[in-house]
Amino acid sequence: MQMNIFCLSFATVLAACVSAPAAQAQRGTLKKEPVSQPLITKRFTADPSAHVFRGRIFLYPSHDIEAGVKENDNGDHFDMKDYRIYSMSDVEGKVKDHGVALSVKDIPWAGRQLWAPDAAYKDGMYYLYFPLKDKQDIFRIGVASSKKPQGPFKPEPAPIPGSYSIDPCVFRDANGDHYMYFGGIWGGQLQRWKNGIYDSTAPNPKPGDTALLPRVAKLSADMKSFAEPVREVQLLDEQGKPFMEDNNGKRFFEAAWVHYYNGKYYFSYSTGDTHNICYATGDNPYGPFTYKGVLLEPVEGWTNHHSIVLFNGQWYLFYHDVQISGKTHLRNVKVTELYYNEDGTIKKINAYKN
Ligand code: FUB
């Protein structure tokens, strides 16, 4: 708790500084000079899913707190209790805090841990998708709706039937169909699911195993359930072969994001224990997606999680690091520009200057 007070007063100092040019040299706890400053300094925020709604950029991040839970490989220390939504008129504009949009105490099926959310819009309604452990401590994905992009969001009484694991990303295809991508290994529990059956004793993947794959399902017309059985997203290496777990600098771990650019679907994700954000491209929303490279090198802090969005003709990468706190579970969201090469590959981003 003492640490939290220290961090927040540090955040206040940082907030007072960030509008000055000197902010460019501001590093907080970082070892290296960052290319971007935290967008939000009064609270800890992470896993930023960015969307353009009503002409503004809306951010749907995790709301990190110091819950006092000891750090472990299951991520128990990421014990978040609510979501706050933020918006900006442009990436350099003031960030508006719209307040709490959904709390764990208002979700009837809640156990614990609100992890990385995403949002979508259809026919006048906004939908917030969120991973949360149920009362049996199994991660499921919930949905809540609102007439406003900032909420407040009203949760459905039960998780999406057939949903599991973490990190939903909802992608709207040009024809109006929506697809949910999800999954995360280790604390995200993906390794515990085989053919839709849960096994709490299933071990983490080990070298020699075929790497686990993220999941995808088309959403129903009302955006509140899956319209089809969940399937694996085929992710292939440069030779067209499935990844092995040993290839942990490239294989999928968590944090799926899908965007469309110039005739191709881009599936990007975190490699978790090796901390890269990689991407692969395909010709349709189900894949297969073929590995293309790293788009964001490791950031300071254990997790790496991002979103990619087009706003006023410019592509942006939203991501996080631990500049303010230096603690892996107390993160701060950031944004930087993202560029493509002529062949459609993404120019690799390093979040630090040296
Ligand atoms: O914020 C909790 C978890 O950390 C997310 O769900 C993961 O993607 C990682 O960023």
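How many of the six residues of strand β19 (residues 277-282) are buried? Six of the six are, so strand β19 is largely enclosed by the rest of the structure. Here, buried means under 20% relative accessible area, exposed means over 50%, and partly exposed lies in between, using a 1.4 Å probe and protein chains only. Strands are DSSP runs of E with at least two residues, and helices are runs of H or I with at least four, numbered from the N terminus.

A word on the model before we go on. This is a predicted model, in which local features need pLDDT of at least 70 and side-chain atom pairs count only at pLDDT 80 or more, while totals for chains, interfaces and linings use all residues. Residues are numbered from 1 along each chain as its sequence is written, and side-chain values use heavy atoms, leaving out hydrogens and water.

**Strand β19 and its partners**

Let's stay with β19. Ile-277, Tyr-279 and Thr-281 point one way from this strand, Cys-278, Ala-280 and Gly-282 point the other way, and all are buried. Two strands pair if DSSP finds at least two bridges between them. Strand β18 (residues 264-270) pairs with β19 in the antiparallel sense over six bridges, and Tyr-265 has Gly-282 in β19 as its bridge partner. The hairpin of β18 and β19 has six residues between the strands, and in it Gly-272 takes a positive phi near 60 degrees.

β19 also pairs with β20, in the antiparallel sense and over five bridges. In that pairing, Ile-277 stands opposite Leu-296 in β20. These two strands form a hairpin with six residues between them, where Gly-287 in the turn has a positive phi of about 85 degrees.

Elsewhere, four strands form an open sheet in the order β10-β11-β14-β15, with antiparallel pairing. Its edge strands are β10 and β15, each of which pairs on one side only. Between β14 and β15 there are two bridges, and Val-216 has Arg-231 in β15 as its bridge partner.

**The nonpolar cores**

A nonpolar core is a set of buried Ala, Val, Leu, Ile, Met, Phe, Trp, Tyr and Cys residues joined through side-chain atoms within 4.5 Å. The largest such core has 60 residues, and Tyr-129, Tyr-181 and Phe-267 touch the most other members. Strand β20 (residues 289-296) gives the most to this core, with five residues. Apart from it lies another core, of 24 residues, among them Phe-58, Tyr-83, Leu-114 and Tyr-126.

What does Tyr-181 touch, not counting residues up to four places away in sequence? Its contacts (heavy atoms within 4.5 Å) include Cys-169, Phe-171, Val-216, Val-258 and Phe-267.

Cys-169 is buried, with a relative accessible area of 1%, and Cys-278 is buried at 0%. A search of the whole structure finds zero disulfides, meaning pairs of cysteine sulfur atoms within 2.5 Å. For Cys-169, the nearest cysteine sulfur is that of Cys-278, 16 Å away.

**Charged pairs**

Side chains of opposite charge can pair when their charged atoms come close. A salt bridge is a side-chain nitrogen of Lys or Arg within 4 Å of a carboxyl oxygen of Asp or Glu, and the structure holds 22 of them.

| Salt bridge | N to O distance |
|---|---|
| Lys-133 and Asp-76 | 3.8 Å |
| Arg-84 and Asp-97 | 3.2 Å |
| Glu-156 and Lys-224 | 3.1 Å |

Arg-84 lies in strand β3 and Asp-97 in strand β4 (residues 96-103), so this pair ties together parts that are 13 residues apart in sequence. Arg-84 counts as buried at 14% relative accessibility, whereas Asp-97 counts as partly exposed at 32%. Glu-156 and Lys-224 each lie in a loop, and the pair ties together parts that are 68 residues apart in sequence. Glu-156 is partly exposed at 23% relative accessibility, and Lys-224 is partly exposed at 28%.

Salt bridges that share partners join Asp-76, Arg-112, Lys-133 and Asp-137 into one network. Lys-133 lies in strand β7 and counts as buried, at 3% relative accessibility.
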